Amino acid sequence: MVENKYAALLTVLQSRFEKNMNRHKGLDWTKVQAKLEIDVKKLSSLNEMEATGGEPDVVGFDKKTGEFIFYDCSVETPKGRRSVCYDREGLESRKEHKPENNALDMAAAMGIELLTEEQYRDLQQLGEFDLKTSSWIQTPTAIRKLGGALFADRRYDCVFVYHNGAQSYYAVRGFRGVLRV
């Protein structure tokens, strides 16, 4: 049985799951909960996603690995993960006005990964996200080696993927995560 400290989280996740069945057609909450209850580390990651405003929800099931896939489904990029550079190298390269953290280190500490471009586009098929904010996404090594990083948002009913220096940060840019359970 799951630790009491995660009982409230499971209630929130179940409620969100039931309210948003379009995100996970054909999936059964009891199977999701059973997997969560045996993996306290994944519950801890989901708790961090929730605590930082991500509103995690199940968006799929990987038949090959037997894992449920959670994405941050908050309408805008999670409030508790904004105003961050892309990675530590970007953060350290700033001469002044450094933000407190960076997206990759925060995600790693939470036990999650940033969404890829493909995952971000998949998320946008489930609703309209980041209409006023933007989210860092995983950046190919070749782009990162040249100092850049990628972010995405939705404007004019289209998903846009852009680039910026990895050291940049904005009050409305954060990151969305993915967790496999």
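A polar contact is a pair of N or O atoms within 3.5 Å; within protein, one must be able to donate a hydrogen and the other to accept it, and residues adjacent in sequence count only if both atoms are side-chain atoms. The model is predicted: local features need pLDDT of at least 70, side-chain atom pairs count only at pLDDT 80 or more, and totals for chains, interfaces and linings use all residues. Residues are numbered from 1 along each chain as its sequence is written, and side-chain values use heavy atoms, with hydrogens and water left out.

**Exercise 1.** Describe the surroundings of Thr139.

*Solution.*
- Step 1: Thr139 lies in the loop between β4 (134-137) and α7 (141-145); helices (H or I, at least four residues) and strands (E, at least two) are DSSP runs, numbered from the N terminus.
- Step 2: Thr139 counts as buried because its relative accessibility is 13%; buried means under 20% relative accessible area, exposed over 50%, partly exposed in between (1.4 Å probe, protein chains only).
- Step 3: The Thr139 side chain makes a polar contact at 3.2 Å with the backbone oxygen of Ile137.
- Step 4: Leaving aside residues up to four places away in sequence, Thr139 touches Tyr86, Arg144, Gly148, Ala149 and Leu150 (contact means heavy atoms within 4.5 Å).

**Exercise 2.** Locate Pro78 and determine whether Pro78 is buried or exposed.

*Solution.*
- Step 1: The loop between β2 (67-72) and α4 (88-93) holds Pro78.
- Step 2: The relative accessible area of Pro78 is 0%, so Pro78 is buried.
- Step 3: Beyond residues up to four places away in sequence, the contacts of Pro78 include Asp72 and Phe175.
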